[in-house]
Amino acid sequence: MRNSPKFLLFLLLFSFLKITAQGDLMVMPKRVIFDGNDRSKEVNIANTGTDTATYAISFIQYKMAEDGNFIQIEEPEEGQRFTSDYLRYYPRRVSLAPNEAQTIRLQLSKTGEMTEGEYRSHLYFRAVEKQTALAKEDLQKEEDGISINIRTVFGISIPVIVRRGSTAAEVELKNLQLKVEESPLLSLDIFRSGNQSVYGNFTVTYKAKGQPEVVIGKVNGISVYTPNEKRHFIFPLQTVENIDFTKGSIEVHYEDPKAKASATATLELN
């Protein structure tokens, strides 16, 4: 996929599908899931910058903290399993000129050794050459004339999930709190159970007697990965005219349609 017409088609697909982007690197899709009889998947990357860029591709392991941040680990947490031992992928290093794209192929193997449940690792694309579009340089000069060149190299990772056998998840929303200062801020806890991660969307609706219902918040793509059972989440609500946050109620709905997991909770404001 290295000629201009195909790249234009690739960018057109990017414009319609969910992607991840960092600097001049675009990755599609944002998540890879092997389910049922799936044996192979493809990930597409594109260099939208003006310089040639080289990327090293590898697997990296993360655990999700309770606040949703990822922490790199080497060994799995209790109840966590990595996919990287069961996946082959190629190529493992890619150089892309400006406006070039490349397909990375993933192939599932050794499935007979896998037990029922969910496995997860993250496919990591790391820029390995000096690229002004992907690196930030900070030159510090010491008093003795020695210079230290500190350069940060950026990368992107996407989760690769393999599900074997029967998997399911349930969710529950608890501990809703609303803080209204300059703008309304809603916080809550998502509780997940089962042997499958969830990746769902929030819809927040304001309700008050004698008034039409108003959607005051939407957030997509909020995950809780196994083995985590809880994630704390905070997000701003829209400030809408004629809404009084001292009365009425706020209904929060979370739904992962693929996992068929959903939950609704209500916060009374009176």
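A nonpolar core is a set of buried Ala, Val, Leu, Ile, Met, Phe, Trp, Tyr and Cys residues joined through side-chain atoms within 4.5 Å. Buried means under 20% relative accessible area, exposed over 50%, and partly exposed in between (1.4 Å probe, protein chains only).

This is a predicted model, in which local features need pLDDT of at least 70 and side-chain atom pairs count only at pLDDT 80 or more, while totals for chains, interfaces and linings use all residues. Residues are numbered from 1 along each chain as its sequence is written, and side-chain values use heavy atoms, with hydrogens and water left out.

**Stop 1: the cores**

Select Leu 173, Leu 188, Phe 202, Phe 235, Ile 250 and Val 252. In the largest nonpolar core, which has 30 residues, these touch the most other members. Which strands each supply at least two residues of this core? They are β15 (169–180), β16 (184–194), β17, β18, β19 (230–236), β20 (249–256) and β21. Strands here are DSSP runs (E, at least two residues) and helices are runs of H or I with at least four, numbered from the N terminus.

A second, separate core has 27 residues, including Tyr 86, Tyr 89, Tyr 119 and Ile 158. In soluble globular proteins, nonpolar side chains tend to be buried together.

Now centre the view on Phe 235. Leaving out residues up to four places away in sequence, Phe 235 touches Leu 185, Leu 186, Leu 188, Phe 202, Val 204 and Val 219. Contact means heavy atoms within 4.5 Å.

**Stop 2: the sheet of four strands**

Show the backbone as a cartoon and select β17, β18, β20 and β21. An open sheet of 4 strands runs in the order β18-β17-β20-β21, with antiparallel pairing. Two strands pair if DSSP finds at least two bridges between them. Strands of a sheet pair through backbone hydrogen bonds, either parallel or antiparallel.

Which strands lie at the edges? They are β18 (214–224) and β21 (261–268), each pairing on one side only. On average, neighbouring strands of this sheet are turned by 15° against each other, direction ignored. The axes behind such angles are lines fitted to C-alpha atoms, for helices over the stretch in contact, and angles run from 0 to 180 degrees between N-to-C directions.

Strand β17 (residues 198–207) pairs with β18 over 8 bridges in the antiparallel sense. Pick Phe 202 and look across to β18, where Val 219 stands opposite.

**Stop 3: the sheet of three strands**

Select β15, β16 and β19. These 3 strands form an open sheet in the order β15-β16-β19, again with antiparallel pairing. Its edge strands are β15 and β19, each of which pairs on one side only. Neighbouring strands of this sheet are turned by 20° against each other on average, direction ignored.

A hairpin joins β15 to β16 through 3 residues, and 10 bridges join these antiparallel strands. Select Val 171 to find its bridge partner in β16, Arg 192; then select Lys 174, whose bridge partner in β16 is Asp 189. Leu 185 stands opposite Pro 236 in β19.

**Stop 4: rings and charges**

Show all Phe, Tyr and Trp side chains. The structure holds 9 aromatic pairs. Rings of Phe, Tyr and Trp (its six-membered ring) pair if their centres lie within 6.5 Å; planes under 30 degrees apart count as stacked, over 60 as edge-to-face and the rest as tilted.

Select Tyr 62 and Phe 70. Why does this pair count as tilted? Their planes lie at 50°, with the ring centres 5.6 Å apart. Tyr 62 is buried at 15% relative accessibility, whereas Phe 70 is partly exposed at 37%.

Tyr 225 is buried, with a relative accessible area of 3%.

Finally, select Arg 31 and Tyr 199. The charged end of Arg 31 sits over the ring of Tyr 199, 3.9 Å from its centre. A charge sits over a ring if NZ of Lys or CZ of Arg is within 6 Å of the ring centre and within 35 degrees of the ring normal.
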